[in-house]
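Take a first look at the chain below.

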Amino acid sequence: MTTPQLKNLIKKGESQTLEFKAAFSNEAVETIAAFSNSNGGTVLLGVADNGQISGLNLTPETLQQWVNEVKTKTTPAILPEAEVVTLDGKTVAILRVKEYPIKPVGVKGRYYKRVGNANHLMSPTEVAQAHYKTFNSSWDYTTDPEHTL
């Protein structure tokens with residue numbers, strides 16, 4: 001991503017597919033899972049919720065450690081695309097994911113969906129529906145061995 005592209009992205013603000021985080025945290029992992037359960041999205045690390053660029057102090061291994069942490073905390077394992085861009089002398093990390101074909105994606109047994117610019121915990125019914133939708137099925141097609149016509 002180029003510097004002008006990043007500036008334009010930040011100007012748009014948080015949305016269904018864009019999240020700002022000042023630093024990497026469990027919330028960033030939850031957001032990546034929520035994006036994976038919807039239309040995909042991008043997490044900008046080093047950017048405050050108001051769009052102010054705070055920047056990050058990164059070592060050469062930091063970005064790879066974050067990608068590995070996302071992989072180990074999500075089920076099925078998600079590997080985000082990662083890159084670093086310097087903007088106004090400050091470092092911003094970009095973690096990007098596409099919609100995952102097998103749903104739902106969970107973080108330590110919890111499942112999230114993206115609604116507007118926020119992550120919401122999915123109910124057990126929503127988790128089941130997402131799973132059945134993935135396999136093009138529904139509860140209507142599930143047989144009940146206890147009953148017959």
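The tour runs from the whole chain to a few residues.

This is a predicted model, in which local features need pLDDT of at least 70, side-chain atom pairs count only at pLDDT 80 or more, and totals for chains, interfaces and linings use all residues. Residues are numbered from 1 along each chain as its sequence is written, and side-chain values use heavy atoms, leaving out hydrogens and water.

The chain has four helices and eight strands. Both are DSSP runs, numbered from the N terminus: helices are H or I with at least four residues, strands E with at least two. Along the sequence the pattern reads α-β-α-β-α-β-β-β-β-β-β-α. The C-alpha trace spans about 70 × 30 × 20 Å along its principal axes. Of the 149 residues, 40% count as buried (under 20% relative accessible area, with a 1.4 Å probe and protein chains only).

Now turn to the rings. The structure holds one aromatic pair. Phe-24 and Trp-66 form this pair, stacked at 5.1 Å centre to centre with 10° between the planes. Rings of Phe, Tyr and Trp (its six-membered ring) pair if their centres lie within 6.5 Å, and planes under 30 degrees apart count as stacked. The pair links distant parts of the chain, 42 residues apart. Phe-24 sits in the loop between strand 1 (18–21) and helix 2 (26–36), Trp-66 in helix 3 (residues 62–73). Both Phe-24 and Trp-66 are buried.

Why does Thr-42 count as buried? Because its relative accessibility is 11%. Thr-42 touches residues including Phe-35, Ile-94 and Leu-95, not counting residues up to four places away in sequence; contact means heavy atoms within 4.5 Å.

Key
Rings of Phe, Tyr and Trp (its six-membered ring) pair if their centres lie within 6.5 Å; planes under 30 degrees apart count as stacked, over 60 as edge-to-face and the rest as tilted. Buried means under 20% relative accessible area, exposed over 50%, partly exposed in between (1.4 Å probe, protein chains only).
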